[in-house]
Amino acid sequence: DGGITQSPKYLFRKEGQNVTLSCEQNLNHDAMYWYRQDPGQGLRLIYYSQIVNDFQKGDIAEGYSVSREKKESFPLTVTSAQKNPTAFYLCASRTTVGLAGGPYNEQFFGPGTRLTVL
Amino acid sequence: SQQGEEDPQALSIQEGENATMNCSYKTSINNLQWYRQNSGRGLVHLILIRSNEREKHSGRLRVTLDTSKKSSSLLITASRAADTASYFCATDRKAAGNKLTFGGGTRVLVKP
């Protein structure tokens, strides 16, 4: 799980409530990402941020919001507008690795937060 | 559908056997990466293959890439029970900036 922490590990929410998932990294990476994973499925991109004070919508941003006030932190808020929020949420940061043949982007993932709506 | 689609969705093998999984994609890529996910955990980077490469090896892992067919395969040789996990391909597309697009994954069960 590298130098990325997510909290809490498990989160329960009542319908109609907003909840915020924490993601912190000490890897000094500029870019950070939030993904959603449903059971037995792949990852879908919610939001990403390539630099402090800037972020972009991913493929499934509706019902979610983010902020990037510090390089180390990229919290995700799941709002009441998200109709089916029960899922596993993964945060990642990105570094550029220099190799013979040219650099490439590699993502490092946190351990995830499992959100359940009651 | 997603950029990366994997098959099979699930694979069950005996320890010592080889495990092969495939990934297909739709648009031009800079590189293709494979990640591993243990149950309920984050993903871990395994290996990368660039668009101008055809085969890469890393320990018991062998990755191939066929850009004409827009497909890649991951082979795990001499599998161990500890290889039980989900494996995802991720494409770094030329038109997608600095984002990776993940496939649906292959769940591998290695029975002791």
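I count a disulfide as a pair of cysteine sulfur atoms within 2.5 Å. I am working from a predicted model.

**Entry 1: disulfides**

I searched every chain and found two disulfides in the structure.

I took chain B to begin with. C23(B) and C89(B) are bonded, with 2.0 Å between their sulfur atoms. I read 65° about the S-S bond, so this link is right-handed. I then looked up where the two cysteines sit. C23(B) is in strand β3 (residues 19-24) of chain B and C89(B) is in strand β9 of chain B, so the bond ties together parts 66 residues apart in sequence.

Next I turned to chain A. Here C23(A) is joined to C91(A), S to S 1.9 Å. I noted -75° about the S-S bond, a left-handed link. C23(A) belongs to strand β3 (residues 19-25) of chain A and C91(A) to strand β9 of chain A; the pair links distant parts of the chain, 68 residues apart. Both C23(A) and C91(A) are buried.

**Entry 2: the largest pocket**

I looked up the volume of the largest pocket and got about 380 Å³. I listed 22 lining residues. Nearest the centre I found Q37(A), P39(A) and G40(A), along with Q37(B) and G40(B).

Which elements give two or more residues to the lining? I found β9 (87-97) and β11 (113-117) in chain A, plus β9 (85-93) and β11 (106-111) in chain B. β9(B) supplies the largest share, three residues.

I sorted the lining by type: 13 residues are polar, six nonpolar and three charged.

Note on methods: Residues numbered from 1 in each chain as written. Chains lettered and ligands numbered in written order. Predicted model: local features only at pLDDT ≥ 70, side-chain atom pairs only at ≥ 80, totals over all residues. Heavy atoms only, no water. 1 Å grid on protein atoms, 1.4 Å probe; cavity = no way out; pocket = protein on both sides within 12 Å on 5 of 7 lines; lining within 4 Å. Points joined across faces, edges and corners; volume = space filled by probe spheres on them. Helix = DSSP H or I, 4+ residues; strand = E, 2+ residues; numbered from the N terminus. Nonpolar A, V, L, I, M, F, W, Y, C, P; charged D, E, K, R; others polar. Buried < 20%, exposed > 50% of the residue type's maximum accessible area, 1.4 Å probe, protein only.
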